[in-house]
Amino acid sequence: VDLLTRREFEAGFGSHTPMITGQTKVVRYYPNFAKAFKLLKYFALDRGYVYNAANQKVHFERPAQRAAIDSATDCKSLYTAVDCGDFWLCTPCETTSFPKESKKEDEEEGSL
């Protein structure tokens, strides 16, 4: 994503592309799944919430729910543990192409 123009990124290339579609593992992106899944769980638990499909925060307050999220091993078990339907969260996205520069959300228009 680092070297995409803003126009290319907003056209849908990059981080909005699914790794799994239904039962299909997207060949180009699925090799990143294990790392992304681990990070998803980490950030969800660290922050204590995710966003639901209506873009509302869903907090994890019950210890049993946090434990279920932590022990989830696949999308189905995580989906069940989060227990709010479809959900999402943002993760930090630091550049590897331009070391020591700001995070994606702080970069100037035209470079991601």
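1. Two terms to start with: strands (E, at least two residues) and helices (H or I, at least four) are DSSP runs, numbered from the N terminus, and two strands pair if DSSP finds at least two bridges between them. With that in hand, look at Tyr49, which stands opposite His59 in strand 4.

2. A word on what you are looking at. This is a predicted model, in which local features need pLDDT of at least 70 and side-chain atom pairs count only at pLDDT 80 or more, while totals for chains, interfaces and linings use all residues. Residues are numbered from 1 along each chain as its sequence is written, and side-chain values use heavy atoms, with hydrogens and water left out.

3. Now the strands. Strand 3 and strand 4 run antiparallel and are joined by 3 bridges. Strand 3 also pairs with strand 5, again in the antiparallel sense, over 2 bridges. On that side, Tyr51 stands opposite Trp88 in strand 5.

4. Back to Tyr49 for a moment: the charged end of Lys57 sits over the Tyr49 ring, 4.4 Å from its centre. (That call requires NZ of Lys or CZ of Arg within 6 Å of the ring centre and within 35 degrees of the ring normal.)

5. Which residue takes a positive phi in the hairpin of strand 3 and strand 4? Asn55 does, near 65°, and the hairpin has 4 residues between the strands. Asn55 is not a glycine, and its place is in the loop between strand 3 (49-52) and strand 4 (57-59). Asn55 counts as exposed because its relative accessible area is 52% (exposed is over 50%, buried under 20%, partly exposed in between, with a 1.4 Å probe and protein chains only).

6. Asp83 is not a glycine either, yet has a positive phi of about 60°. You'll find Asp83 in the loop between helix 4 (75-82) and strand 5 (87-88). With a relative accessible area of 58%, Asp83 is exposed.

7. Finally, the aromatics. The structure holds 5 aromatic pairs. One of them joins Tyr42 and Phe43, edge-to-face, at 5.0 Å centre to centre and 75° between the planes. (Rings of Phe, Tyr and Trp, the last by its six-membered ring, pair if their centres lie within 6.5 Å; planes under 30 degrees apart are stacked, over 60 edge-to-face, and the rest tilted.) Tyr42 is partly exposed at 48% relative accessible area, whereas Phe43 counts as buried at 15%. Elsewhere, ring pairs link Tyr30, Phe33 and Phe37 into a cluster.
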